[in-house]
Amino acid sequence: MSRTVDLNADMGESFGPWVMGRDADLLDVITSANIACGLHAGDWDTMAETMKRAVANGVGLGAHPGFPDLQGFGRRRMHMPAASLANLVRYQVGAAEGMARAAGGTLRHLKLHGAMANMASEDEAMARTCYEAALSVAPDLIVMVLAGTAQEKAARSIGCPIAHEIFADRAYNDDATLVDRSQPGAVIHDAALAGQRMVEMVREGAIITESGKRIETRIDTICLHGDTAEAVDIAKTVRQALKDAGIGLRRFHDEAAS
């Protein structure tokens, strides 16, 4: 059986007349979309249009909830009571589920955004709060986790379907968390390097950190960011590198490969 992997990207992050990312181009490359729910980025019109385009392209729909931080793009850490955090996630997943249905699609997965995701990758209790809240709204969701972190531990403890994610354009610490964006080399801008890294990680079934450490993990999906100048080039290069290496593309938890 051929090895396959999903390609996902964060999108729907434009706000009114301010355009963020090249969603239409990315939708020709990816197999799953993580769509902003209007609090860290996006708005109701952007969400509706992104859902519609994703459905037309056969791309899986995912909710991408984050902190209510438009100015900081959801990348600034916030601390709130667990009950309030749960309601914050429910609010956004509910919006995404409704918009997906209206677009003629089905919400398949959940992926936390930005600082919320980074904090959950370090804090199993927080991750569990977020995931249980999402599943209380949409019980059949597949939870996308940052492989090898507290996110994965939380999802396993719940017993929900999981998609293990690695990042094409981010460097890794030795504990499988992402190098902070404030650090040199945290974001990879070289498309060829990104493609080479992804082929190596998928073949080895391991995250390769900045120090060269191998962290064995299942790999179901690769994140391709959409908010950098070279995003589409990286996405296309990674997709082609995987195909050239004999690695097929499919949505996670689907049967057919392309």
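Mentor: Before we start, a patch here is made of residues with over 30% relative accessible area and no salt bridge, with like charges joined within 9 Å and nonpolar side chains (Val, Leu, Ile, Met, Phe, Trp, Tyr) within 5 Å. A salt bridge is a side-chain nitrogen of Lys or Arg within 4 Å of a carboxyl oxygen of Asp or Glu. This is a predicted model, where local features need pLDDT of at least 70, side-chain atom pairs count only at pLDDT 80 or more, and totals for chains, interfaces and linings use all residues. Residues are numbered from 1 along each chain as its sequence is written, and side-chain values use heavy atoms, leaving out hydrogens and water.

Trainee: Thanks! Which residues form the nonpolar patch on the surface?

Mentor: F15, W18 and L70, with about 350 Å² of accessible area together (Shrake-Rupley method, 1.4 Å probe, only the protein chains shown counting as cover for residues).

Trainee: And is W18 buried or exposed?

Mentor: W18 is exposed, at 61% relative accessible area (exposed is over 50%, buried under 20%, partly exposed in between, with a 1.4 Å probe and protein chains only).

Trainee: Switching topic: how many disulfides does the structure hold?

Mentor: It holds 0 disulfides, a disulfide being a pair of cysteine sulfur atoms within 2.5 Å.

Trainee: Last one: what is M198 in contact with, beyond its neighbours within four places in sequence?

Mentor: I166, F167, A168, I222, V238 and L242, where contact means heavy atoms within 4.5 Å. M198 counts as buried, at 0% relative accessibility.
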